[in-house]
Amino acid sequence: MTPLLQVRELRKAFGGVHAVEGVSFELGAGELLAMIGPNGAGKSTCFNMINGQLAPDAGSVLLDGREIAGRPPREIWQLGVGRTFQVAATWASMTVVENVQMALLSHHGALFRFWRRAASQHRDAALELLAAVGLRDRADEPCSTLAYGDVKTVELAIALANRPSLLLMDEPTAGMAPQERAALMQLTRGLVKERGIGVLFTEHSMDVVFAHADRIMVLARGRLIAQGAPALIRDDPKVREVYLGSGRLAHAGAAPGPVANAIVDAAGGRS
Ligand code: ADP
Ligand code: MG
């Protein structure tokens, strides 16, 4: 069976900076794959070549066997690649359910100027999505009244409205408290497993990565230095080396909270 996503020898340089230098990996439907690595390793550059924000210098990105590298973001989105943003991107003045309705309208190809007429459309589908992410009872509140963690959850519902086959989450939990991070990834995991969606995500909390990823890739200076099941990555000497050679990665997944988070902070903090 063809994997959902096949990335082959992806490369991107910015002037003299080789941000991504020959990255190859595969991702299956229903799989949660984490890409971790220190600040500047090339994670966002990889994500942006897959979602179309950046055209690769070389390499190939196959979605269901179809080449998408270098296509415009809108086209890639239409082919089923959804994404969430590092900074929450909802319309504060609209209600929670309207934000999701907008996404559904967009998925169905309606034009923005028909929004008023179409406002009543897709309400049931939007409410269903909100129920799936646990925000059904907040549906008619303006997004501006939600706590940050809830806004990020609305974003997840918005991403799902497009019925993606692949979901790219570049630091979906940035700015969230540790407990909120775990809850959002737990929710994401349940929803994508149910729907058979493949997820590629980055995340700074090693606790969250080790608890929620099926597989982990480690990127350093534009190259993959390891990939495998969390238990293998935890014990990989090259990976420990990258995380300051301290061996503290061994605690990730075992010790909750500050200890594992400290590894990441020490390794370069948030990007
Ligand atoms: P990460 O997401 O892992 O922190 P990035 O992909 O953002 O890493 O960055 C990888 C490298 O590419 C870094 O050295 C960064 O400074 C550089 N870089 C990223 N985007 C640009 C850009 N638009 N222009 C110039 N250099 C960039
Ligand atoms: Mg980044």
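## Salt bridges

Arg8 and Glu26 are paired in a salt bridge whose closest N and O atoms lie 2.7 Å apart; the term denotes a side-chain nitrogen of Lys or Arg within 4 Å of a carboxyl oxygen of Asp or Glu. Arg8 belongs to strand S1 (residues 5-14) and Glu26 to strand S2 (residues 17-27), so the pair ties together parts that are 18 residues apart in sequence. Arg8 is partly exposed, at a relative accessible area of 33%, and Glu26 is likewise partly exposed, at 32%. Here buried means under 20% relative accessible area, exposed over 50%, and partly exposed in between (1.4 Å probe, protein chains only). The structure holds 14 salt bridges.

Glu31 and Arg215 form another salt bridge, with an N to O distance of 2.7 Å. Because Glu31 sits in the loop between S2 and strand S3 (32-36) and Arg215 in strand S9 (residues 215-220), this pair ties together parts that are 184 residues apart in sequence. Both Glu31 and Arg215 are buried. A further salt bridge links Asp140 to Arg123, with 3.1 Å between the closest N and O atoms. Asp140 lies in the loop between H5 and H6 and Arg123 in helix H5, so parts that are 17 residues apart in sequence are tied together. Arg138, Glu141 and Asp150 are joined into one network by salt bridges that share partners. Arg123 is partly exposed, with a relative accessible area of 30%.

## Model and conventions

This is a predicted model, in which local features need pLDDT of at least 70 and side-chain atom pairs count only at pLDDT 80 or more, while totals for chains, interfaces and linings use all residues. Residues are numbered from 1 along each chain as its sequence is written, chains are lettered from A and ligands numbered from 1 in the order in which they are written, and side-chain values use heavy atoms, with hydrogens and water left out.

## Overall organisation

The protein chain has eleven helices and ten strands, taken as DSSP runs (helices H or I, at least four residues; strands E, at least two) and numbered from the N terminus. Of its 271 residues, 51% are buried. Among contacts (heavy atoms within 4.5 Å) with a separation of 6 or more, 64% are between residues 24 or more positions apart.

Leaving aside neighbours within four places in sequence, Glu21 is in contact with Leu10, Arg11, Arg221, Gly222 and Arg223. The C-alpha atoms of Glu21 and Ala58 are 9.4 Å apart, and the two residues are separated by 37 residues along the chain.

H3 is mostly covered, with nine of its twelve residues buried. Among these buried residues are Val96, Asn99, Gln101 and Leu104.

H6 has 14 residues and reaches 20 Å from its first C-alpha to its last, close to the expected 20 Å. Eleven of its 14 residues are buried, so H6 is largely enclosed by the rest of the structure. The buried residues include Lys152, Glu155, Leu156 and Leu160. Their cover includes strand S6 (81-84), H3, H5, strand S7 (166-170) and helix H7 (178-195). Thr188, in helix H7, is buried at 0% relative accessibility. Beyond residues up to four places away in sequence, Thr188 touches Leu156 and Met169. Arg163, which follows H6, has a positive phi near 45 degrees.

## The second largest pocket

The second largest pocket has a volume of about 290 Å³. It is lined by 14 residues, of which Leu104, Leu129, Leu160, Arg163 and Arg195 are the closest to its centre. On a 1 Å grid over the protein atoms alone, a pocket is an open set of points where a 1.4 Å probe fits, with protein on both sides within 12 Å along at least five of seven lines; lining residues have an atom within 4 Å of a point. Points are joined across faces, edges and corners, and the volume is the space filled by probe spheres set on them.

Helix H3 (96-107), helix H5 (123-132) and helix H6 (148-161) each supply at least two lining residues. H5 gives the most, with four residues. The lining divides into eight nonpolar, three polar and three charged residues, where Ala, Val, Leu, Ile, Met, Phe, Trp, Tyr, Cys and Pro count as nonpolar, Asp, Glu, Lys and Arg as charged, and the others, Gly among them, as polar.

Definitions and conventions
Expected span 1.5 Å × (residues − 1).
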